[in-house]
Amino acid sequence: MTANHELQFTPEGKLKHFLSIEGLSKSLLTEILDTAESFASVSDQQVKKFPLLRGKTIINLFFENSTRTRTTFDLAATRLSADVLNMDISTSATSKGETLLDTIRNLEAMHVDMFVVRHSISGAAHFIARHVAPYISVINAGDGNHAHPTQAMLDMFTIRRVKQDFSQLRVAIVGDILHSRVARSQIQALNTLGVPEIHVIAPKTLLPAKVETLGVKVFNDMEKGIQEADVVIMLRLQKERMTGAFLPTESEYYKCYGLTQDKLKSAKPDAIVMHPGPINRGVEIASSVADGMSSVILKQVSYGIAVRMAIMSMTMQAAGTQ
Ligand code: CP
């Protein structure tokens with residue numbers, strides 16, 4: 001067990017911080033999915049609130065932009081009856097040179113119970129978890145190109161809801177694997193949950209070195225890579241993390257790796273198309289596919305609320321015993 005892995009748990013072995021999928025057991029991931037299922041099943045009822053986090057204060061600390069993750073964390077916390085504060089980093093004292101640790105110390109002094117953190121630097125959420133008081137939980141809402149574990153869990157929830165059983169699936173992940181924190185977390189979750197075939201498809205310039213050691217089969221040809229796939233996950237080009245020229249042109253990329261109705265015919269007839277968002281129409285996915293019958297992209301967003309409710313309630317319960 002690594003120090004990073006141990007950091008996530010109480011001495012009694014309860015999940016207190018949710019920072020990475022790496023090293024988490026199949027039974028824990030399944031417990032998260034089952035807990036999320038119990039929240040999702042009441043999401044259509046008129047009264048959607050649970051008193052589980054009443055009296056708790058949660059701060060959404062987003063140093064990078066977000067639409068889906070921040071909003072669904074906000075809704076999840078509200079539905080668990082917590083008080084939520086969305087920090088506006090652009091108007092905070094960070095712009096006056098305050099360090100991350102000083103920001104955290106000051107917020108901690110306001111009796112916060114949980115930080116939900118997004119940061120452009122890999123390891124930022126781990127750093128905060130290492131320095132907060134023992135009764136505070138930290139949830140990683142995306143750090144650099146390292147991990148986006150709650151996104152991976154809502155993706156697993158979506159796959160399980162549609163396909164039921166992970167043990168017979170071929171899952172294809174297409175696009176900018178090199179810069180994608182989502183892909184890293186998805187691959188860890190798919191492997192842990194027992195998916196036998198995980199394909200990654202990208203040009204050589206957008207694949208990490210030794211990517212096959214992550215437990216995936218590598219393809220540079222899109223149609224071969226998505227052949228007979230049950231699930232096709234599309235990723236956007238993470239231009240904000242690119243430091244050089246990784247591609248000839250976007251139109252060339254679309255021709256080779258953009259998911260069109262025609263290319264989708266290589267996958268199984270009942271294949272689902274997923275995307276963590278934001279989507280770039282005409283770059284990695286055609287509008288006819290993004291809005292088509294196979295797409296579950298907006299379902300992923302909806303399920304994000306229940307999955308984040310599950311993770312928040314489980315971690316807060318563990319931190320409350322500290
Ligand atoms: N999937 C995802 O992280 O989207 P946002 O950047 O909008 O939160």
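This is a predicted model: local features need pLDDT of at least 70, side-chain atom pairs count only at pLDDT 80 or more; totals for chains, interfaces and linings use all residues.
Local features rest on pLDDT of at least 70, and side-chain atom pairs count only at pLDDT 80 or more, while totals for chains, interfaces and linings use all residues. Residues are numbered from 1 along each chain as its sequence is written, and side-chain values use heavy atoms, with hydrogens and water left out.

**Ligand site**

The ligand is surrounded by Ser-66, Thr-67, Arg-68, Thr-69, Arg-118, His-148, Gln-151, Pro-276 and Gly-277. By class, the shell has one nonpolar, six polar and two charged residues. Here Ala, Val, Leu, Ile, Met, Phe, Trp, Tyr, Cys and Pro count as nonpolar, Asp, Glu, Lys and Arg as charged, and the others, Gly among them, as polar. Domain 1 (3-147 + 302-320) and domain 2 (149-298) each give at least three residues to the shell. Those bounds come from an automatic or database domain assignment.

| Residue | Protein atom | Ligand atom | Distance |
|---|---|---|---|
| Arg-68 | polar side-chain atom | oxygen | 3.0 Å |
| Thr-69 | polar side-chain atom | oxygen | 2.6 Å |
| Pro-276 | backbone N or O atom | nitrogen | 2.8 Å |

Taken alone, the ligand exposes 260 Å², and the protein buries 91% of that. Accessible areas come from the Shrake-Rupley method with a 1.4 Å probe.

**Helix α3**

Helices are DSSP runs (H or I, at least four residues), numbered from the N terminus. Arg-70 lies in α3 (residues 68-79). Its relative accessible area is 32%, so Arg-70 is partly exposed. That class falls between buried (under 20%) and exposed (over 50%), with a 1.4 Å probe and protein chains only. Asn-60 is 10 residues from Arg-70 along the chain, and their C-alpha atoms are separated by 7.1 Å.

Helix α6 covers residues 149-163. At 1.5 Å a residue, its 15 residues should span 21 Å, and its end C-alpha atoms are 21 Å apart, which agrees. The expected span is 1.5 Å times one less than the number of residues. Of the 15 residues of α6, 13 are buried, so the helix is largely enclosed by the rest of the structure. Just after α6, Gln-164 takes a positive phi of about 65 degrees.

Helix α7 (residues 181-192) has 12 residues and should span 16 Å; its ends are 17 Å apart, C-alpha to C-alpha, which agrees. Its buried residues include Val-182, Ile-187 and Leu-190. At the start of α7, a side-chain oxygen of Ser-180 reaches to within 3.3 Å of the backbone nitrogen of Val-182. Just after α7, Gly-194 takes a positive phi of about 90 degrees.

Terms used: A residue is near a molecule or strand if one of its heavy atoms lies within 4 Å of it. A polar contact is a pair of N or O atoms within 3.5 Å; within protein, one must be able to donate a hydrogen and the other to accept it, and residues adjacent in sequence count only if both atoms are side-chain atoms. Helices (H or I, at least four residues) and strands (E, at least two) are DSSP runs, numbered from the N terminus.
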